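Please read them with the coordinates open.

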Amino acid sequence: MKKFFFFYIFFGVSVVVSQNKQLLYNWDVTPQALMLNPGSVVASQYHIGVPFLSQIHLNAGSSGVSAFDVFADDGVDINTKIRNTIFKLSARDFFTATQQLDVLNFGWLSKGFDPIYFSGGIYQELDFIAYFPKDFAILAWEGNRDYIGKPFDFSDLSARADLLTVYHFGANKQLSSKLTAGVRIKLYSSMVGLESTSNKGAFTTSQREGSNNVYEHTVVDLDLEVRTSGFLSLDGLDQSQVSRILLGRALLGGNLGLGFDAGMTYQFDSQLSLTASVLDIGAIFHSSDTEVYRASGDYTLDGLQLIFPELALGGSTIPYYDNLEDEIEREIPVDTLNIGYTQLRPTKINAALHYDFGPRVGDKDSCDCRSRATKEERVSQAGVQYYTIFRPRGPQLAGTLYYRRKFGNSLSVKTTYTVDRYSAKNIGAAMSLNLGNVNFFVAADNLLDLSNIAKANSVSLQLGFNFIVDQQ
Amino acid sequence: MLVKKAKLFISLFSLMFFLSCFEGTDFEQANDVLLTPEIELDLIYFNIEASQFYNPSTSTEILVLKDTTDLDFLGGRDINNILKKADFLFQFTNSIPREFDVSFDFLNTQNQSKYFIQSNIVSGNQTNPVVTTFLEEIDEQEITDLTSANKVVISVAIASSSQNLTGVLNLQSKTTYYLEIDQ
C-alpha cells in the first residue's frame, strides 16, 4: 500500500454563519471532515497541517436582519429603518461570531492487526452569541413614554463570549465492515470568558389608582447575573502584558475544562450509509480569576416624598436624594463575588443519511487511498444532513439536502440547500480540485444572496489551498 | 482534461467573486443615527396637612413652608448634552379652603437660582377637593439653565391660616425628558 502523506495549507477568508459547516460535513476533501465527525471513514494514511495555516475560520451573522435592512441607500431615514428593524426582530433573534484557528492538526493510521487512526491537534476558538434584547432596545430607542404599563423583560438580556484553546486527541476505528466509530477527548484552556444568560425580572412604569405619585416605576423579581473569567487580572495592564498572559492561558495556563466528541459511520450496503456525531460535550470549570456580579430584589420608585419638616434656623435639610439612593441599593443590592462557576460548552449534533450512486470513481491503476472502508466510491452522492447547536436559549436547528459529484479523482463538487433560522433559501456549493500535489478548495454559502451580500442574513465563504505530498 | 477542469474551477471561483458585492448600501448613514427616547419619570410628591400652617404652641400662623431636595441627576454636562426638552407636570389636589402660591426654585451648587417655576393653587374643601394642574415646558434654550441646577427649593405659601383649618394639599409631579443621543 502506498504511503499517503497529506500535507495541507489552508488559508483565506471564510465567513460562515453559525458553527454549521454543512459543506464540509462528510466531504472527505480535508482532514477537517474528521473534526466534524470523529467516526467518519478516514481517507488518508496520515496527515499534518501547517501550524497556524491549516484552518482559518471566521463566522459572523445575524438572524432576522441584514445590512441591507438598515443601510439600504433608498432615501428612507436610517432612524426609521432602525426602528422598523427593532420591531421586526424578536428576542429570539441573535447575532453570532465564531473564529477558529488551527494551530496544529495531525493524524496517522496505526497499522497492524487492529488498525486505528489517531488524530490530534490544537485549535483556538472565539465564540460569541448575543440575543437581541428587544425590550431594552425599545426602551433605549423610544423611552418609556409610549409604553406605560408594559413590562420590559430582563430575560431579554442574554449573551455569551468565550476565547479558548482546545487540545484534542482522538481515535477512529473501523469496527466492522459496516461500522466505523471514533471518539475525541478535548481539553479546554480558557483565555477569557463572559456570560449573562439566566436573567429575569421586569421593569414597568405604570399608573395605579391611589398611588403616591403620577407613576409607579417597579422592578419585580429581578435576578441578574454576569459571570466573567480572566478579566480581573488583565485590568490596568498594557497590551504586551495582556498578550503575554493570554498566551500563557492558551498554553494550559488558564481555567481548564474537559469535553469529548464522538461519531460513527454505518454502511447499510454499498450505497446507503448513516453518519452521526456529537461535538463538544463538556464544560469549562472557571475557578480562578473570576468575578461574578449579581443584582436581585424588588423595588417601586415613585419619586421623592417631601415632608416639609420644621427646621431650626440654619438646620440641615433632609437628604432625600441620598436616602433614595441608599434605599435602592438596600432593596436591589449589587454583589461582586469571586466565586467559581461551570460553563457548559455549546454542544453540536450532526447526523446524515448518504446515498451513493452512479458509476464508480477512479482510475483502477492508481491508489484508492480512501478504501479503508469496504465501500466502493461512486461518482455521485446525495443525502440529507441535520445539524443542531445548543445555545443559551435552546437548540438552533438546520436541515440540509446535498448532492456531491466527483469528476475523476481530481475534481469534487458539493452543493447544499440548507434551511435554518437565518434563511430558508440557503444554497451552497463547494469545489475541490487536485492539481498534482496541490489542492484548491472553495466553499460558498448563500449563493442566492451573493450578488448582493448586503441583503444576506448570512454569508459564507471558505477558501482552501492544500498542498498534498504523495509519498511513495 | 485536467487543464479544462482547472479552467472551469477558476472561472467559477472568479465568477463568484465578481458577482458578490455590497450593492445599494450607504454605510455613511451610520453618522445620522440619533436615539430620541422620551422618558417619563416621577419627580416629587407631598401631602401637607392644613395643621402644618399653624403653630399651636406659639399660636402663630406659619405662612410659608419650605423644603429642599437634591436632584443630582439634573446637574452635569452629560445630561446637558443630550437633554433637549423637559416637561414638568404638577398636579395639586387641594382640600384646604385656601389658595396657595407654590414655587419651585432650581438652584446650583452656589445656591444661585437657575430656573424658577411658580403657580397659584385654587382653594378647595374636604368634600370637594379641587385639582390644579399645570405644565411647565422647558425648551432647548432654557435647558442649560435647568441642567446647571442640582437641587430644588419648594415653597408653599398660604395667605392666612388658623388653628381650625383642615384639609390636605397634595402634589403629584412627573417630568418628561426628551433626549437626543447621537454617536
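1. Conventions. This is a predicted model, in which local features need pLDDT of at least 70 and side-chain atom pairs count only at pLDDT 80 or more, while totals for chains, interfaces and linings use all residues. Residues are numbered from 1 along each chain as its sequence is written, chains are lettered from A and ligands numbered from 1 in the order in which they are written, and side-chain values use heavy atoms, with hydrogens and water left out.

2. Chain A. Six helices and 23 strands are assigned in chain A; helices (H or I, at least four residues) and strands (E, at least two) are DSSP runs, numbered from the N terminus. Of the 472 residues in chain A, 53% are buried, where buried means under 20% relative accessible area, exposed over 50%, and partly exposed in between (1.4 Å probe, protein chains only). Among contacts (heavy atoms within 4.5 Å) in chain A between residues at least 6 apart in sequence, 72% join residues at least 24 apart. Chain A exposes about 20300 Å², and carbon and sulfur atoms supply 61% of that area. Accessible areas come from the Shrake-Rupley method with a 1.4 Å probe; for residues, only the protein chains shown count as cover.

3. Chain B. Chain B has three helices and ten strands, in the order α-β-β-β-β-α-β-β-β-β-α-β-β from the N terminus on. Buried residues account for 43% of its 183 residues. For contacts in chain B between residues at least 6 apart in sequence, the share joining residues at least 24 apart is 82%.

4. Helix H4 of chain A. H4(A) is largely enclosed by the rest of the structure, because seven of its nine residues are buried. These are Lys134(A), Asp135(A), Phe136(A), Ala137(A), Ile138(A), Trp141(A) and Glu142(A). Their cover includes helix H3 (78–88) and S6 of chain A, together with S1 of chain B. Just after H4(A), Gly143(A) takes a positive phi of about 80 degrees.

5. The side chains of Asp135(A) and Lys150(A) form a salt bridge at 3.4 Å, N to O; the criterion is a side-chain nitrogen of Lys or Arg within 4 Å of a carboxyl oxygen of Asp or Glu. Asp135(A) lies in H4 (residues 134–142), and Lys150(A), 15 residues apart from it, lies in the loop between H4 and strand S6 (152–153) of chain A. Which of the two is buried and which partly exposed? Asp135(A) is buried, at a relative accessible area of 10%, whereas Lys150(A) is partly exposed, at 25%.

6. Other salt bridges. Over all chains, the whole structure has 22 salt bridges. In one of them, the closest N and O atoms of Arg345(A) and Glu125(A) are 3.1 Å apart. Arg345(A) is in the loop between strands S16 (341–344) and S17 (348–360) of chain A, and Glu125(A) is in strand S5 (residues 116–131), 220 residues apart. Arg345(A) is buried with a relative accessible area of 4%, and Glu125(A) is buried with 0%.

7. Lys348(A) and Asp280(A) meet in a salt bridge at 2.7 Å, N to O. Lys348(A) belongs to S17 and Asp280(A) to strand S12 (residues 272–286) of chain A, 68 residues apart. Both residues are buried. Salt bridges with shared partners join Arg184(A), Lys186(A), Asp261(A), Asp280(A) and Lys348(A) into one network.

8. Glu377(A). This residue is found in the loop between S17 and strand S18 (378–391) of chain A. Glu377(A) is buried, with a relative accessible area of 15%. Glu377(A) and Ser270(A) are 107 residues apart in sequence and 8.6 Å apart in space, C-alpha to C-alpha.

9. The second largest pocket. Its volume is about 600 Å³. Of its 25 lining residues, the closest to the centre are His217(A), Leu301(A), Leu324(A), Ile328(A) and Leu41(B). Elements giving two or more residues to the lining are strands S10 (216–229) and S13 (290–301) and helix H6 (320–331) of chain A, together with strand S1 (38–49) of chain B. By class, the lining has 17 nonpolar, five polar and three charged residues. Nonpolar here covers Ala, Val, Leu, Ile, Met, Phe, Trp, Tyr, Cys and Pro; charged covers Asp, Glu, Lys and Arg; the others, Gly among them, are polar. On a 1 Å grid over the protein atoms alone, a pocket is an open set of points where a 1.4 Å probe fits, with protein on both sides within 12 Å along at least five of seven lines, and lining residues have an atom within 4 Å of a point. Grid points are joined across faces, edges and corners, and a volume is the space filled by probe spheres set on the points.
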